[in-house]
Amino acid sequence: MRRKIVPWLFLAPSLGGVILFTGLPFLDVVKRSFQDAMGTRFVGTDNYQAVLANSAFRLAAGNTVHFLAVCIPLLMAVSFTAALLISSGSNISRESKGAEDTGDRYSVFRTTLVLPMTIPAASMVLVWKILLCPDGVLNQFLSGVSGQAWQVDWAFSRWAFPVLTATYLWKNTGYDMILWLAGLQGISGELYEAAKMDGAGVFARIRYITLPGLKGTFGLVGILSVVNSFRVYREAYLLAGPYPDASIYLIPHLFAHWFLNLDIQKMTAAAAMMTVIALIPAVIMGTLGMKRRET
Amino acid sequence: MKVIKKNSKNRLMRGAAWGLAICLIMSALGGCRKKTGPSEDGTGGESQTQVRSPIYGQNETQIGAMGRYGETKVQLPQNIEEQSFIQFIRGKNDRMELYTAERVPDTGTVLETFRYVYEDGSWQQDQDWAGNQAMKDLEISLTDIVFGMDGNYYAGGTDRDYSYHLFRLEGDGSVQELLKDEFKPKNGQEYGLVPPKFEVLEDGRTAVYDYREVVLYDASGKRLFAMAKDFSGDTRDSRGFCTNDEFVTVYEGEIVRYSLQDGTIVENMDYSEIQGSRETVKLLGDGSGGIYAVNEIGVSHSNKGGTLWEILIDGTLNHLAMRSLILRGFLEGDNRDFYGVFTGSGTTGMEMFHYEYDPDLETVPPLTLTVYSLKDNSTVRQAASLFQSEHPNVRVEVRTAVENGGTVTEEMIQGLNTELLSGKGADILILDGLPARSYIEKGILMDISDVVEAAEGSGEMLNNLLDGFKEKDEAMYQVPARAAFPLLIGEQEALQAYFSLETMANYQGEEPLMRITNYENLLREIAHLRHEELFDPESGVIERDNLVQYLETVKTIGDANGSKTIFSEEEGEKYFVSNYVLPNGILGSATEYDRGVCSSGIEYLDGYWELCVAAEVRNRHPESKFMTAGKIYLPSVMAGINSSAAHKEEAKQFIRCLLSYEVQKEDLSDGFPVNKRALQSWAETEREGFSVGVGYGDYSISAQWPGAEVRQEIMDMLKELTVPVTVDETVMKMIVEGSRNYYDNKETVQQAADGIMRKLSIYMTE
């Protein structure tokens, strides 16, 4: 009996916090999604219908999915590649100089990639603006190289999406790379050594040792990347204001405007729908995982 | 065995999950419900009062402390109405004396001075006072009078050459001049010192206030030493007082005590403990070494050697915080009571109030009415002060999101929305800059048509300015307390161009139609002038064709007058322009019209002060006329009542107060009144001697207070305005940002319009 209770006791503080600060407010959100803005009248599914019929919501939701679909795989691939390069480079360096040489030069790359995380978003965006405005550094550079006048407003044109993607990658690659590196350290070096002896090449080692060994890390990096992607609104807002180019108009933009106009009924209905949509893959993955464990 | 163990574990988890879910649902549905009905202990006698906590909507029952200073008006002599304030002092036999003057209207020179003494609870004129004749004989315009600690009266004033003289008034009516050479011009200056204040000590030493220091002279007129104080540009400095041994003033953010033996600082206290304005604070002694500090916060007191300040009188509950009044004199009475003399912005129209401790008043008024506004507003403050003085049991708490001209951010509105959503928030909302339409649609604001209709029914209101806020079902959720409008000046041909965007664009005069400015101002200005033509009255957005015509019209006008998106410093100096942007874009261009730079001028008229220059310009150009831009006006101080307000009836009373003659009659430079009687009173106000000058480059103009006919003309115009204009700031920002490249000739009008419409379409569909 005691063995059964102890894990719950350990779980209780965080579970309590989640229930109190996330679970209860979310229940209120669900309740409000069936009421009018002031929560005084039950309106059935009117709010859900209004949100689904709202073209701004459809645009924002589509852009958000588009952003996730493009950026998450890209970020994971880029950060994974960076982690592999640094890890293998670091190993080679250690092998050639001896195990006692821990301060290898690859730490410089690690630090460089992690550095963007430490820069405040406001100052980072200021630099991006200087680079990307019509009279900015990028246009001047391109004008110099091409011999033609470049006056592209990168942040307010169709280029806004690639710019935001680049911002997101620049900011988050270092963080994901650290996670990958931690995962890579958990894979025994003996496996690589044995594979090498068996004649396995670089790609074979990655495919048959590295990737299977990083299954757990893969899920963690994926979830944290998605979570971090929601924070990209801050950069999008600072870069292009409350009404940016339509390609980077995201759900947080819409929510901010709805809240400003007190459209709480639309907000809650949209939030409830988004949560359900986000839960579907999570439940599927969880179910599959449980089945796999049971078998 | 393994299967059984797993099933029991699953059961336990399922049970725990269900238990938690039930708890969550129960707490979500019922946990936050407020208990109603009588309290369990059944108390509720006279000793208990409902006191509102600082968090809106939360009332808590607690023992109410009793006792607070109340304010009552003191009747002043009737003939004092046209006289101006000179001084309010304690004179011989410790009696209160009020000195006033009758002045020459244009120059302000004193013709006659009067002394009134307070005896047996009323003011009587002292017919035997010899000071008036003495000053007249010397041709001195009296500015200050002092009863010295040595028991003599002293008077100070200026002669015809504006040189200052200080006299001791002898008992027999004769005078003796003091410190003769000290007030003569020095070091090549044109004028000598006109001290903002002086004091005389028991031994005849005289403390003369300068603007940055106070100089002490001995009885023979020999300069002893100077004591530094904070700069005051005021012609009357009340931020200091002398006792026989010490001088107390404000210096470098502290209250300091100087020794009058050697001029050294013997004590200093941090001023921030007092709060409120440091520039206008009055300091006076309590007779036992302590200090009273009086400002809009109230009357604070500190004992000698103490570090704590006690607020004796809460100024926000009475006239001390009233924006239209200036505290001229403040004295302590005989029983720790106080008297204050106030005037309006001039020195006439004196009012006196008595502050006396009343043990039967609750220390904190039992009812708090909250007013929320994004920015500070003088009319709201005025109404709050008046309302509190008329309702001693109500405290009006005015909350502003930004102080001292700060910038309103979305976070501030979101913070307010959070309060409103939880059924709290202020009782009264000043809707300037807030999403009023959304609040109405969501039911945040309550219908106040009964309040407005009652006011309108009395015939006292300018119904044309209020009717524009009636909804289709005749309900009214917001009402403006002030209004302004753009006044056009020019010849008939130019003024006719303002009838439509097309006529504006096609104007072919010798000079451009409008003054040179930056494109953002031009966009904003025309958006206001042609609001009806451009924007949908319901949604506030603009159709594509209208947008293209609007952008092209602004470009045509801008090309003609040389407007740019941004001006360099050299261009600014050359054309007298800047990159400064006004919310309505109306910079005021009557002088530019006068200079012949443009064919018409536009002034944003929110009071008669703004009319002076325009009226003078019209005098210079007899062929020119005044005209309104259609029937548009710009409403402000939009007031509404929160439908969740805890004190709806009091909130309605506050709105009535806001619209009342008593509040509306004050010109607080934030718009014309919407009260007919108040507007009439404004129109009848003469300000003799008032003069205003404008000059830049080689150009200059001097204007007097506009004449009665012009004031009447403006009043008549105001009575004809029926279309309130509020440009949606989000839409305006989209247009300004989206058209910048077009005005910089980097893209076509179609490209600019496409970009703006893309954003607008998102905004519209949100």
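Two strands count as paired if DSSP finds at least two bridges between them. Helices (H or I, at least four residues) and strands (E, at least two) are DSSP runs, numbered from the N terminus. This is a predicted model, in which local features need pLDDT of at least 70, side-chain atom pairs count only at pLDDT 80 or more, and totals for chains, interfaces and linings use all residues. Residues are numbered from 1 along each chain as its sequence is written, while chains are lettered from A and ligands numbered from 1 in the order in which they are written.

**Sheets and strand pairs of chain B**

- Strands S20-S21-S22-S23 of chain B, in that order, form an open sheet with antiparallel pairing.
- S20 (282-285) and S23 (310-314) of chain B are the edge strands; each has a single partner strand, so one side of each lacks a neighbour in the sheet.
- From one strand to the next, the twist of this sheet averages 25°. Angles run from 0 to 180 degrees between N-to-C directions, and axes are lines fitted to C-alpha atoms, for helices over the stretch in contact.
- S22 (residues 298-302) of chain B pairs antiparallel with S23(B) through four bridges. Ser300(B) faces Ile311(B) of S23(B) across this pairing.
- A second open sheet has four strands in the order S12-S13-S14-S15 (chain B), again with antiparallel pairing.
- Its edges are S12 (198-200) and S15 (223-228) of chain B; each has a single partner strand, so one side of each is without a neighbour in the sheet. The twist here averages 15° from one strand to the next.
- S13 (residues 206-209) and S14 (residues 213-217) of chain B run antiparallel and are joined by four bridges. Opposite Ala207(B) stands Leu216(B) of S14(B).
- S18 (residues 254-259) and S19 (residues 265-270) of chain B form an antiparallel pair with five bridges. Val256(B) has Asn268(B) of S19(B) as its bridge partner.
- Five residues lie between the strands in the hairpin of S18(B) and S19(B), where Gly263(B) has a positive phi near 80°.
- In a regular strand, side chains alternate between the two faces of the sheet.

**Helix packing**

- H3 (residues 378-390) and H16 (residues 648-659) of chain B pack at about 120°, with axes 9 Å apart.
- H3(B) and H16(B) are therefore oblique to each other. Angles under 35 degrees count as roughly parallel, over 145 as roughly antiparallel, 65 to 115 as roughly perpendicular and the rest as oblique.
- The crossing of H3(B) and H16(B) is right-handed. A crossing is right-handed if the near helix is turned clockwise from the far one by less than a right angle, and left-handed if anticlockwise.
- Ala383(B), Leu386(B) and Phe387(B) of H3(B) meet Phe654(B), Cys657(B) and Leu658(B) of H16(B). Contact means that the C-beta atoms, placed from the backbone, lie within 7 Å.
- By class, the contact of H3(B) with H16(B) has six nonpolar, no polar and no charged residues. Ala, Val, Leu, Ile, Met, Phe, Trp, Tyr, Cys and Pro count as nonpolar, Asp, Glu, Lys and Arg as charged, and the others, Gly among them, as polar.
- H10 (residues 519-529) and H20 (residues 729-743) of chain B have axes that come within 10 Å and cross at roughly 130°. That angle makes H10(B) oblique to H20(B).
- H10(B) and H20(B) cross in the right-handed sense. Residues in this contact include Leu523(B) and Ala527(B) of H10(B), and Ile735(B) and Val736(B) of H20(B).
- The contact of H10(B) with H20(B) divides into seven nonpolar, one polar and two charged residues.
- In chain A, H5 (residues 121-132) and H11 (residues 232-240) pack at about 45°, with axes 9 Å apart. H5(A) is thus oblique to H11(A).
- The crossing of H5(A) and H11(A) is right-handed. Trp128(A) of H5(A) and Leu238(A) of H11(A) are among the residues in contact.
- The contact of H5(A) with H11(A) has six nonpolar, no polar and three charged residues.

**Domains and the chain contact**

- Chain B is assigned domain 1 (197-321), domain 2 (373-480 + 643-662) and domain 3 (516-587 + 728-766). The bounds come from an automatic or database domain assignment.
- The centres of domain 1 and domain 2 of chain B, taken over C-alpha atoms, are 40 Å apart.
- Four residues of domain 1 of chain B contact five residues of domain 2 of chain B.
- The contact between the chains takes 25 residues from chain B and 24 residues from chain A. H4(B) gives the most to the side of chain B that touches chain A, with six residues.

Definitions and conventions: Two residues are in contact if their C-beta atoms, placed from the backbone, lie within 7 Å.
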